[in-house]
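Hi there,

Here is the structure I promised to pass on. Have a look at it first, and then read my notes below.

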Amino acid sequence: MMSRRPGTSSRRFGDTKSKSSPVLSIGLIIVGGLFLIGYLYRGSGGLGGRLDSFSRVEGDYLCSGEVQRTIPVLQKAYGDSMHKVLHVGPDTCYVVSKLQKEDETEAWGIEPYDIEDADSHCKAQIRRGNVRVADIKFPLPYRPKSFSLVIVSDTLDYLSPRYLNKTLPDLVRVSADGLVIFTGFPTNQKAKVADVSKFGRAAKMRSGSWWVKFFLQSNLEENEAVNKKFEQASTQNFYVPKCQIFHLKSLH
């Protein structure tokens, strides 16, 4: 009797395996199909597409992707001030495209860095005049208050205080209702060769207290009213910032 049990047990295990194999195969086929559909959907510009992705720029997480995710919150905080927007920073082609999909919103962008590797979508934005390539160390080619709102991301982190003293007031100059700054947290400080080769220097992530002091020294005033609205909208949208966000008043 005991000599037969292993054989019987083996046959039963073998039978179970043979019966489950078709089910396993079908499951793998279904999973593979879902992965394929997801891949194709991403490539066609679906929810997982490039516009909602992390920044395409090499290096750590950058704030240009954060700008795209923050648009609903900004709309609640700024209201009608979102009708004419200028975005300044890397990946501005994709931020501009995202903004242009919003109702009653016109958007333009400035790409401050090399775009030799820009794709056809970005080049089309440049040809149409929606996006400019410009060195923001020099005065922006716009009249005062040309835009209701100016948003800058992943740009000020790469400027020394010498250039910040010129660039930041100029960004405020071309805005009518305010300037929104997205900048990295000091804990994200990682100097990489890719950053230096593309941006000319490694990013300098400054603390919130450093920025507040710099605003005061530059005679720039934070917009406390908008800041409160932004915090309320963030809570309502369950939004948790991954970058530091500052709201500055325009010059009057």
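A nonpolar core is a set of buried Ala, Val, Leu, Ile, Met, Phe, Trp, Tyr and Cys residues joined through side-chain atoms within 4.5 Å; buried means under 20% relative accessible area, with a 1.4 Å probe and protein chains only. This is a predicted model, in which local features need pLDDT of at least 70 and side-chain atom pairs count only at pLDDT 80 or more, while totals for chains, interfaces and linings use all residues. Residues are numbered from 1 along each chain as its sequence is written, and side-chain values use heavy atoms, leaving out hydrogens and water.

The largest nonpolar core has 29 residues, and Tyr78, Ile151 and Val180 touch the most other members. Helix H2 (64–78), H3, strand S4 (149–153), strand S5 (179–183) and helix H8 (224–236) each give two or more residues to this core. Helices (H or I, at least four residues) and strands (E, at least two) are DSSP runs, numbered from the N terminus. H2 provides the largest share of this core, six residues.

How many residues of H2 are buried? The count is 11 of 15, so H2 is largely enclosed by the rest of the structure. Among them are Val67, Ile71, Leu74 and Tyr78. The buried residues of H2 pack against strand S1 (84–88), H3, S4, S5, H8 and strand S6 (244–248), where contact means heavy atoms within 4.5 Å.

After H2 comes Gly79, whose phi is positive, near 60 degrees.

Enjoy exploring!

Methods
Buried < 20%, exposed > 50% of the residue type's maximum accessible area, 1.4 Å probe, protein only.
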